[in-house]
Amino acid sequence: MPSEIAKILSRFPRADLMGSQPTPLERLNRLSDQLGIDLWLKRDDLSLLGFGGNKIRQLEFYLGDAVDKGADTILITGAVQSNFVRSAAAAAARCGMHAVLQLEERVADMDPLYHSSGNVLLAQILGAEHIRYPVGEDENGADDGLHRKADELIAEGRKPYVIHLGVGHPPLGSLGYMAAADELIAEMADWDDVVVATGSGSTHTGLLAGLNILRSSATVHGICVRRSADLQRERLAVVFEHLAKLLERDEAEIAAGNTISDAALTPGYGKMGEHTREALTMMARVEGIFLDPVYTAKVFAGLIAKVRSGEIKPGAKVVMFHTGGTPALFGYQSTLAAL
Ligand SMILES: *Cc1c(COP(=O)(O)O)cnc(C)c1O
């Protein structure tokens, strides 16, 4: 029998980019002992397409919509080492489309490897076209850049599909994480805490909405990777408003229990602090698993801080989403070599 979430999602066009299979869920035995909790990792870094990561689930609904609309080219914007743009290039290839990736200068003072290795290299192999955008804190400006390029493509007789960065558009990416909530609860339902990155908010809002619809009692901890908790709360309010509209559900129901922490954000987006370094090396050296420097190392740092402060209780059953991003390790080689 299809779950309540599956019924809701069946209304939306979807491209199968996950190979119709769940990502692995594994218990981290040694870290569980060290932290005094029952710690599990949901390995969304291991989704099948193009080095995986959380954007693959999100892209199932964007590409579904693009195919539905007859598009032949996907346009998307992100930081130079964006996993989203690399994943979109892989998804476009899988669906027989072109990809135009706009790279924004969002992180100051980075070296040539940052601009050529990791995700940049992978996108080149995938055959995507790169365009540049000079600043990184202007979401609407970046979206305008995509639309200017889209207009050029239309004049050439092409059919572009823009995946927006700014809020205020239907949050199709959140639908992918409602599916992830459904998958997680089907695997195990008795979670005390779910820990996840909150950046654009698609992952966080989708998970929270999905878990609320499934009446899970878990606390969902959004760990800020991009902006302060206050700014993130404002952003998520807009995403939830549009998600409620898209789902035709009550906004208060899907957004209930929204918990946000920015304790692990310093020194800022795309930069590693002391706690981020500690978290990245701890996961590697205790469990042999790579986190990424921009997102998941901050998330694990946030999780450790919450265990140490007692906000996550001793013995709690906790799942952290590994949302991917490991190709960026190679773009951050100089930063990481100093470990
Ligand atoms: C994009 C990204 C995130 C943040 O997800 P959002 O849905 O944008 O909030 C987290 N982890 C990784 C590895 C990402 O690439």
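The centres of domain 1 and domain 2, taken over C-alpha atoms, lie 24 Å apart in this predicted model. Domain 1 is made of two stretches of the chain, 4-53 and 170-329, whereas domain 2 covers residues 70-163. The contact between them draws on 17 residues of domain 1 and 21 residues of domain 2. The points below treat this interface, then pairings of side chains, then individual residues of the backbone.

**Interface of domain 1 and domain 2**

- About 1,400 Å² is buried between domain 1 and domain 2, and carbon and sulfur atoms account for 53% of that area.
- On the side of domain 1, Leu49, Arg226 and Tyr269 together contribute 33% of the area buried against domain 2, which is more than any other three residues supply.
- Two salt bridges cross the interface of domain 1 and domain 2.
- Five residue pairs are in polar contact across the interface of domain 1 and domain 2, with both partners at pLDDT 80 or more.
- Where domain 1 touches domain 2, its residues comprise nine nonpolar, four polar and four charged ones.

**Salt bridges**

- Side chains of opposite charge can pair when their charged atoms come close.
- The structure as a whole contains 23 salt bridges.
- One of these salt bridges joins Glu4 and Arg215, with 3.9 Å between the closest N and O atoms.

**Aromatic pairs**

- Five aromatic pairs are found in a search of the whole structure.
- Tyr177 and Phe321 form an edge-to-face pair, with 6.0 Å from centre to centre and 70 degrees between the planes.
- This pair connects parts of the chain that are 144 residues apart, with Tyr177 in helix H8 (residues 172-187) and Phe321 in strand S10 (residues 317-322).

**Backbone geometry**

- The peptide bond that joins Thr266 and Pro267 is cis, with omega at about 5 degrees.
- Pro267 is located in the loop between strand S9 (259-261) and helix H12 (274-287).
- Ser20 is not a glycine, yet it has a positive phi of about 50 degrees.
- The loop between H1 and strand S1 (25-27) holds Ser20.

- Pro170 is placed in the loop between strand S6 (160-163) and H8.
- Although Pro170 and His242 are 72 residues apart in sequence, their C-alpha atoms are 6.0 Å apart in space.
- With residues up to four places away in sequence set aside, Pro170 touches Tyr62 and Leu246.
- Thr326 is part of the loop between S10 and helix H14 (328-331).
- Beyond its neighbours within four places in sequence, Thr326 is in contact with Phe290, Leu291 and Asp292.
- Thr326 and Glu274 are 52 residues apart along the chain, and 19 Å separates their C-alpha atoms.

Notes:
Residues numbered from 1 in each chain as written. Heavy atoms only, no water. Domains from an automatic or database assignment. Contact = heavy atoms within 4.5 Å. Buried area = accessible area lost by both parts, 1.4 Å probe. Salt bridge = Lys/Arg side-chain N within 4 Å of Asp/Glu carboxyl O. Polar contact = N/O pair within 3.5 Å; in protein donor to acceptor, adjacent residues only side chain to side chain. Nonpolar A, V, L, I, M, F, W, Y, C, P; charged D, E, K, R; others polar. Phe/Tyr/Trp six-rings, centres within 6.5 Å; stacked < 30°, edge-to-face > 60°. Helix = DSSP H or I, 4+ residues; strand = E, 2+ residues; numbered from the N terminus.
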